[in-house]
Amino acid sequence: MTKIIGLTGGIGSGKSTIASYFKSLGIPVYIADDASRNVTALPKVRKQIKNQFGADVFNGSGLNRQKLAQLVFSDPEKLKQLNAIIHPAVKADFDLWLTQHANAPIVIKEAAILFESGSYKNCDAIITITAPEEIRIARVIKRDGVTRDEVLRRIANQWTDAQRIAKSDYVIDNTNGDEAKAQAGKILKKLTIR
């Protein structure tokens, strides 16, 4: 039976770096953020978003992610409404993906809101990635070209590191990328002999 390993952490913690490391070792990795982008292109999901948030969150090329993010990250109730649309679609997508990787001994499910979405319940083990908040903020500003305030709003809408760590089996400090990969390698060894 395939073991599902949840990989999570706050925005800017470096989940993608560790996910890429696992992928480089030949482990199938599911990226929930990528899946959520894909499912928002589905007509059924687009219709639900349009009904809930209005046509102005769309532009000529599709969903205006920046506009939608500004809307939901400044209003917790709107974020809940969006998640109620996206999470079931991502869950269905993950279930299909999992059947395609049924022969893999281990798969990684990388999701920023693994706990908030409830999808941690289907994981055999959970790894949380942490990094100091200022490093996380700097990474996101550089990566997404957003303001410090926008990053802080997103952080405020996610669980804290302490909350994630309390429910995790393993923790990787990703202050330094090479050290974080070394920690990931040690965890992988433990997971494969469990």
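**Notebook: salt bridges in a predicted model**

I began with Lys78 and Asp75, whose side chains meet in a salt bridge at 3.8 Å, N to O. By salt bridge I mean a side-chain nitrogen of Lys or Arg within 4 Å of a carboxyl oxygen of Asp or Glu.

A note on sources: this is a predicted model, where local features need pLDDT of at least 70, side-chain atom pairs count only at pLDDT 80 or more, and totals for chains, interfaces and linings use all residues. Residues are numbered from 1 along each chain as its sequence is written, and side-chain values use heavy atoms, with hydrogens and water left out.

I then looked up how exposed this pair is. Lys78 is partly exposed at 28% relative accessibility, and Asp75 is partly exposed at 26%. Here buried means under 20% relative accessible area, exposed over 50%, and partly exposed in between (1.4 Å probe, protein chains only).

Next I turned to Asp34 and Arg37, which form a salt bridge at 3.9 Å, N to O. They sit three residues apart in helix H2 (residues 32-39), so about one helical turn separates them. Helices here are DSSP runs (H or I, at least four residues), numbered from the N terminus. Asp34 has a relative accessible area of 38%, and Arg37 comes to 41%.

In helix H5 (residues 76-100) I found Lys91 and Asp95 four residues apart, again about one helical turn. Their closest N and O atoms are 2.8 Å apart in a salt bridge. Lys91 is partly exposed at 44%, as is Asp95 at 33%.

I also noted that shared partners join Arg143, Asp144 and Arg154 into one salt-bridge network. My count by this rule: the model has seven salt bridges.

Methods:
Helices (H or I, at least four residues) and strands (E, at least two) are DSSP runs, numbered from the N terminus.
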